[in-house]
Amino acid sequence: MADAPVTLSAHVVSQQALLPPEHAPGVATIVGRIGRVAAVIAQEMAHAALRDRLGYVGGVNASGDEVKKLDVWSHDTLLAGLRATGACAAFVSEESPEPIEIPEAGGRRGLVVCCDPVDGSSNLDVNGAVGTIFALRPSGGSTPAAPAALGPGTDQIAAGYVMYGPATAFVYTVGHGTHGFSLNPETGEFLLTHPDIRTPRRGKTYGINEGNFNSWHPGQRAFVEHLRTPDKATRRPYSLRYSGAMVADVHRTLLDGGLFMYPADCSDPARPKPKLRLLYEVAPMAFLVEQAGGRASTGTGRVLELVAKEYHQRAAVILGSADDVATAEEFYRR
Ligand code: FBP
């Protein structure tokens, strides 16, 4: 670790000079606040079974998923933290069918925060790794502010995730590299442990729910067959690594290389059905991966050029090592 450990709040302040002046203070305040709330969520996750916080609250969210107690608790805790920043003009959350406007933080400096409060919820009750994913987009002073988030992924000015695993990790970008921090549970501070992450051009693992194999695009099926086929020269077969939580699979992929993929269900080729949500899962992760030298594709195009038209819109994703993703795209073109 660096001599004087660099805290997350100090690091994000140091990045302000790299940002548009009207947004720099807001980005620093919001990213710093999400870091502090994440430390509280990590605590709550660690005590969940002891505090009756596991299990369902009953009912489904905007995406039709059954809602866990920690989904709602984390959503409420993040929203309260973001309200207190005075910089968040609207909150687009997986746990809220409609965006939550925060008019007191409106105006040109206002930022829209898109968020998946608990990613990988199916892992919660089995003590598997889960995460929080977020992205910041300028509101442009529009009222209401949330519609300003409906645009291409290139509009994101910051993105990040928290991974609640053996250690709690915080990874973020403001468009100048991707940087990783580890939580010091004693102090509740995130300290810089992975500055300027660079994803290897090729990896040796892939993450995908193979149970969906028969519903994939033929190019996707052929690509996974290719990864499974032994070939010393190209270090195949790749090993399958799939945690059930996008944050955990992307974290491994960012650091070690390889691939994370969630392709669309193409049972009806005319109506491909993706699963993961564009604004608060796929686009933020694409920004982070590209800033680490990786690549993020839909199979046929760059994820960051996808234009969001709905708040809970879904998108297919193949991300990770640049050369591995390029190979996947070749299989889609065949
Ligand atoms: P949520 O838990 O936030 O709904 O996230 C979706 C997710 O759990 C991802 O984290 C993960 O990659 C994927 O869905 C797992 O889906 P499946 O169970 O179909 O493999």
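How many residues of the shell around the ligand are nonpolar, how many polar and how many charged? In this predicted model, the shell has 7 nonpolar, 4 polar and 7 charged residues. The ligand is surrounded by 18 residues, and the closest are D116, D119, Y242, M246 and Y262.

As to secondary structure, β5 (111-119) and β13 (259-262) each supply at least two residues of this shell. The most comes from β5, with 3 residues.

An N or O atom in the side chain of D119 lies 2.6 Å from an oxygen atom of the ligand. For Y242, a polar side-chain atom is likewise 2.6 Å from a ligand oxygen. A polar backbone atom of V118 is 3.4 Å from an oxygen atom of the ligand. Taken alone, the ligand exposes 470 Å², of which the protein buries 86%. The ligand sits in the largest pocket.

I turn now to the backbone. Most residues other than glycine have a negative phi, and most peptide bonds are trans. Two residues depart from the former. D52, in the loop between α2 (24-47) and β1 (56-60), has a phi near 55°. With 57% relative accessibility, D52 counts as exposed. D196 has a positive phi of about 45° and is found in the loop between β10 (189-194) and β11 (205-207). D196 is partly exposed, at 40%.

Finally, the peptide bonds. The bond from T143 to P144 is cis, with omega near -10°, and the bond from R236 to P237 is cis, with omega near 10°.

Terms used
Residues are numbered from 1 along each chain as its sequence is written. This is a predicted model: local features need pLDDT of at least 70, side-chain atom pairs count only at pLDDT 80 or more; totals for chains, interfaces and linings use all residues. Side-chain values use heavy atoms; hydrogens and water are left out. A residue is near a molecule or strand if one of its heavy atoms lies within 4 Å of it. A polar contact is a pair of N or O atoms within 3.5 Å; within protein, one must be able to donate a hydrogen and the other to accept it, and residues adjacent in sequence count only if both atoms are side-chain atoms. Accessible areas come from the Shrake-Rupley method with a 1.4 Å probe; for residues, only the protein chains shown count as cover. On a 1 Å grid over the protein atoms alone, a cavity is a set of points where a 1.4 Å probe fits but cannot get out, and a pocket is an open set with protein on both sides within 12 Å along at least five of seven lines; lining residues have an atom within 4 Å of a point. A molecule sits in a cavity or pocket if more than half of its atoms lie within 2 Å of its grid points. Helices (H or I, at least four residues) and strands (E, at least two) are DSSP runs, numbered from the N terminus. Ala, Val, Leu, Ile, Met, Phe, Trp, Tyr, Cys and Pro count as nonpolar, Asp, Glu, Lys and Arg as charged, and the others, Gly among them, as polar. Buried means under 20% relative accessible area, exposed over 50%, partly exposed in between (1.4 Å probe, protein chains only).
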